[in-house]
Every structure is written in structure tokens, then in C-alpha cells.
Amino acid sequence: MEPVGGGGGGGASSAAERYRAEAARAFQHYLDRAAPHTAGRWAGTLLAAAVYALRVYYVQGFYVVSYGLGIYLLNLLIGFLSPMVDPELEALDQAGPALPTRGNDEFKPFIRRLPEFKFWYAITKAFCVAFVMTFFSVFDVPVFWPILLCYWIVLFVLTMKRQILHMVKYKYVPFSMGKQKYGGKKGPSSSGSKD
């Protein structure tokens, strides 16, 4: 007995689903393999950005796409520089943990709202999507690009100023420069003399 609304299309649908699942699994496998190679991943992203910039320069258009890309990248940067839990909200709610403010406070590492891998992946995907958009003339809206560039620079400066003031106010640094070195104990060789 055949199901209602049924036909012979179930096999093709399940084959397409299998193919899609297999492609997604393979893509995730390559993403997982790329995770520890930070420098290589960012080099690939810079290459994608350069290809996009050359495409926009070559066609002399798609400035609105570039402006939207710039705003999106600024939004990602703010997420990358921000802590997972906003210290401003913690200050209002003193019941929760806070960033250490004195030397005897417990050390709490900086945890980003947007981790580096997700930051990289979102940026790379954004450049790829913007590159594909440059092949469709519907996205080539004629605008005077210097105005967009000036407006983006003003947004960037004001946003970064606000973010830096937030960092200074709540005493957090979103970057680590490797393992910290401590003075520790001095050895006995520096205090005593040998005969």
C-alpha cells in the first residue's frame, strides 16, 4: 500500500539527504583538522580578503556590499574583544563572580564572548559570501563610496574607543602574551659566599 501523497520520490530525497550529511561530515572533519593551525587558517583568510578586495577593485563597484562586510567584521571584532560575562552587569549583580581587582583575589582567566576559532570561521565565511555577492548585479547599488568609507571609519573609532574605555574601567585585557613569569624564590647561591 502506498502512503497518501506518496510517489517514487522518497528514494531520491533520502539519497540527497545522505549526500548532504556526508558532505557536512567531511566539511566538519576538515574544520576540525584546521583548528590547531592558527597561522595557516588566518593566512587563508587573508588570501580570501585579498581576492575579495581585488574583485571589488577590478569591477569598481559593490561598495554597499563592502560596507556591510565592514560593519559585520566590526561586530565580530567587538564580540572577540568582549568577555563572556560582562563585568558591568556583574557589578550590578554582586551575587555572581567578579574579575579580580586585588592581588589576593582569585585568578579568573579571560573568556571571550566569541572564541578565536568561531571568530576566524565567521570572518572567512563573510568574505566568501561577499565575494559571491559580487557576481550578482542586484547588489551593485550605485553610491558615493568615500562617504561610506568615512562613515565606517567614524563608527570604527567610536566603537573601539568605547571598547577600550570598557577594558580600562573593568581592568581586563583580551590578549594573552604566553605564560606569565613570576619572580619566585631566589636561590641560596646569591646570598652566600664560597671559600
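Does glutamine 163 count as buried or exposed, and at what relative accessibility? In this predicted model, where local features need pLDDT of at least 70, side-chain atom pairs count only at pLDDT 80 or more, and totals for chains, interfaces and linings use all residues, glutamine 163 has a relative accessibility of 4% and therefore counts as buried, the term buried being used for under 20% relative accessible area, exposed for over 50%, and partly exposed for values in between, with a 1.4 Å probe and protein chains only. Residues are numbered from 1 along each chain as its sequence is written, and side-chain values use heavy atoms, with hydrogens and water left out.

Glutamine 163 belongs to helix α6, where helices are DSSP runs of H or I with at least four residues, numbered from the N terminus. When residues up to four places away in sequence are not counted, glutamine 163 touches Ile78, Leu81, Ser82 and Tyr172, a contact being heavy atoms within 4.5 Å. Threonine 45, found in helix α2, is likewise assigned to the buried class, because its relative accessibility is 3%. With residues up to four places away again left out, threonine 45 touches Trp120, Ile123 and Thr124.

Phenylalanine 119, once its neighbours within four places in sequence are set aside, is in contact with Trp42, Leu76, Leu77, Phe80 and Leu114.

On the surface, Val132, Phe135, Phe136, Val138 and Phe139 form a nonpolar patch that has about 500 Å² of accessible area together; in such a patch, residues with over 30% relative accessible area and no salt bridge are joined when their nonpolar side chains lie within 5 Å. Phenylalanine 139 is placed in the loop between α5 (116-133) and α6 (145-170), and its relative accessible area of 32% makes it partly exposed.

As for the cysteines, a search of the whole structure finds 0 disulfides, the criterion being a pair of cysteine sulfur atoms within 2.5 Å. Cysteine 128 counts as partly exposed at 40% relative accessibility, and cysteine 150 is also partly exposed, with a relative accessible area of 48%.

Technical notes
Patch = residues over 30% accessible without salt bridge, like charges linked within 9 Å, V, L, I, M, F, W, Y side chains within 5 Å. Areas by Shrake-Rupley, 256 points an atom, 1.4 Å probe, with all protein chains shown as cover. Salt bridge = Lys/Arg side-chain N within 4 Å of Asp/Glu carboxyl O. Helix = DSSP H or I, 4+ residues; strand = E, 2+ residues; numbered from the N terminus.
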